[in-house]
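Here is a short briefing on a protein model. Look at the structure first, then work through the points topic by topic.

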Amino acid sequence: MSKRKQIRVCVVIPAYNEASVLAEVLRNLPKLHHHQSFKINFTTVVVDDGSSDNTYQEARGVEGVVALKHIINMGAGAATRTGLRYAKEHGYDLAITMDADGQHAANDALGLIERILDEPELDLLIGSRLKSDGNMPRHKKIGNKGLSYVTFLLLGTYVSDSQSGLRVYSRKALENLSYHSNNYAFCSEMIWQAKRAGLRIAEHPIEAIYTEYSKQKGQKNFSGAMKILQQLVNRRIMDIIQ
Amino acid sequence: MNKYLLLIILNVPFIVYGLIKATIYYKEGVYSVLQLVTRVTFWILALVGVLFTQQLYNFLIGHDLTNSSPLSIADVLLATFSFLSLTMIIRLYARMEKAEKKVADLNEELALRYAED
């Protein structure tokens with residue numbers, strides 16, 4: 001029997017005030033997975049973005065989880081950047097970002113990782129909730145599509161689900177990708193910067209799990225979308241005037 | 001003193017300063033080519049606007065496109081301060097962005113170092 005090559009994957013989870021669900025989300029994540037040609041070892045890194053609850057303590061309480069803490073709350077973009085830097089500096093082959101509220105299924109994460117291993121020319125693989133027949137509510141679909149079009153108009157890059165948090169990054173992406181946004185605009189800016197850096201981007205259909213918790217916690221639909229829109233416009237202006 | 005000449009004297013130094021600064025930043029590698037082109041275009045348009053205000057006004061009056069009164073000293077001062085305010089707002093915004101980036105970098109560095117201890 002041929003020996004499978006070992007792959008180290010860093011699962012980056014930015015978290016802000018997620019103490020009530022985080023431990024369960026972390027326990028459901030895979031530790032080891034056998035792909036056709038690879039043996040995949042996972043390490044989970046939680047970046048607590050200055051939470052006022054026990055998010056950090058909950059993360060530390062789960063065996064095998066690396067917990068990082070931001071002293072002050074900077075936003076999802078900043079927390080993701082910290083986690084990706086950890087993955088880069090610790091020599092991981094791949095990194096995957098996931099939401100802390102359990103919105104992403106472990107099977108979808110594995111699906112994305114298997115695809116990037118099967119297609120090594122890809123650098124950034126984005127899980128798209130709009131490419132599946134999933135259970136995304138209609139108003140969320142409209143909001144996400146709208147933001148994807150805005151991303152295209154402002155930044156010149158189109159993907160169907162520009163706000164998806166489930167993404168896989170190749171080693172090349174970890175080394176070459178950088179972005180400035182500290183807030184939610186990072187989702188769109190990252191795609192833009194990836195294109196600028198000459199990275200190859202693709203999308204993969206995923207399901208979105210909407211629990212009562214994630215529905216309550218999630219961005220207020222219209223105001224959330226408007227906030228991201230404003231952040232994207234600011235980002236674009238800053239790129240011109242700075 | 002000719003008010004149009006006063007407008008030029010008060011505003012051209014800002015424009016020249018903007019052009020020189022953009023060139024220096026480009027040479028130092030702070031600005032990309034796109035950023036340099038954006039700034040140079042902006043300042044050249046401003047320069048053309050300031051240098052040819054009288055001709056522009058005469059053209060508009062001559063073609064019945066405006067009925068506003070000729071340039072006054074108050075207009076000159078208003079235009080100059082608007083220009084100055086715009087420049088200051090942009091610089092302030094850029095500095096705020098830089099300060100925010102430094103805080104984010106510090107936060108990131110501390111999180112990573114703290115994890116290693």
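## Backbone, pairs and patches

At 21% relative accessibility, Asn17(A) is partly exposed. The model is predicted, so read every value below as computed from predicted coordinates. The points cover backbone angles, salt bridges, aromatic pairs and surface patches.

- Most residues other than glycine have a negative phi.
- Asn17(A) is not a glycine, yet its phi is positive, at about 50°.
- Asn17(A) sits in the loop between β1 (5-15) and α1 (19-27) of chain A.
- Asp64(B) is not a glycine either, and its phi is positive, at about 55°.
- Asp64(B) belongs to the loop between α3 (53-62) and α4 of chain B.
- Is Asp64(B) buried or exposed? Its relative accessibility is 68%, so Asp64(B) counts as exposed, the cut-off being over 50%.

**Salt bridges**

- Side chains of opposite charge can pair when their charged atoms come close.
- How many salt bridges does the structure hold over all chains? There are twelve.
- Glu119(A) and Arg115(A) form a salt bridge, with their closest N and O atoms 2.9 Å apart.
- Glu119(A) is partly exposed because its relative accessible area is 26%, and Arg115(A) is partly exposed at 21%.
- Glu97(B) and Arg235(A) meet through their side chains in another salt bridge, at 2.6 Å from N to O.
- This pair joins two chains, because Glu97(B) lies in helix α4 of chain B and Arg235(A) in helix α9 (residues 221-241) of chain A.
- Glu97(B) counts as buried at 18% relative accessibility, since buried means under 20%.
- Arg235(A) is buried too, with a relative accessible area of 7%.

**A salt-bridge network**

- Glu109(B) and Arg113(B) form a salt bridge between their side chains, at 3.4 Å from N to O.
- Both residues lie in helix α4 of chain B. Glu109(B) and Arg113(B) are four residues apart, about one turn of the helix.
- Glu109(B) is partly exposed, at 26% relative accessible area. Arg113(B) is exposed, at 52%.
- Which residues are joined into one network by salt bridges that share partners? They are Arg81(A), Arg85(A), Glu89(A), Glu108(B), Glu109(B) and Arg113(B).

**Aromatic pairs**

- The count over all chains comes to six aromatic pairs.
- One of them is the pair of Tyr149(A) and Tyr158(A), which is stacked. Their ring centres are 5.6 Å apart, with 20° between the planes.
- Tyr149(A) is partly exposed, with a relative accessible area of 47%. Tyr158(A) is partly exposed at 40%.
- Trp43(B) and Phe83(B) form a tilted pair. The distance is 6.1 Å centre to centre, and the angle between the planes is 40°.
- Are Trp43(B) and Phe83(B) buried or exposed? Both are buried.
- Back in chain A, Tyr149(A), Phe152(A) and Tyr158(A) make up one aromatic cluster.

**Surface patches**

- Arg91(B), Arg95(B), Lys98(B) and Lys102(B) form a positive surface patch.
- Arg91(B) lies in helix α4 (residues 73-116) of chain B. Arg91(B) is partly exposed, at 34% relative accessibility.
- Which residues make the nonpolar surface patch of about 440 Å²? They are Ile71(A), Ile72(A), Val103(B), Leu106(B) and Leu110(B).
- Val103(B) is found in helix α4 of chain B. At 37% relative accessibility, Val103(B) is partly exposed.

**A loop residue and its spacing**

- Where is Glu207(A)? Glu207(A) is in the loop between β8 (201-205) and α8 (212-217) of chain A.
- Glu207(A) is partly exposed, with a relative accessible area of 38%.
- From C-alpha to C-alpha, Glu207(A) and Met226(A) are 24 Å apart in space. In sequence, Glu207(A) and Met226(A) are 19 residues apart.

Methods:
Residues numbered from 1 in each chain as written. Chains lettered and ligands numbered in written order. Predicted model: local features only at pLDDT ≥ 70, side-chain atom pairs only at ≥ 80, totals over all residues. Heavy atoms only, no water. Patch = residues over 30% accessible without salt bridge, like charges linked within 9 Å, V, L, I, M, F, W, Y side chains within 5 Å. Areas by Shrake-Rupley, 256 points an atom, 1.4 Å probe, with all protein chains shown as cover. Salt bridge = Lys/Arg side-chain N within 4 Å of Asp/Glu carboxyl O. Lys, Arg positive; Asp, Glu negative; His and termini not counted. Charge placed at Lys NZ, Arg CZ, Asp CG, Glu CD. Buried < 20%, exposed > 50% of the residue type's maximum accessible area, 1.4 Å probe, protein only. Phe/Tyr/Trp six-rings, centres within 6.5 Å; stacked < 30°, edge-to-face > 60°.
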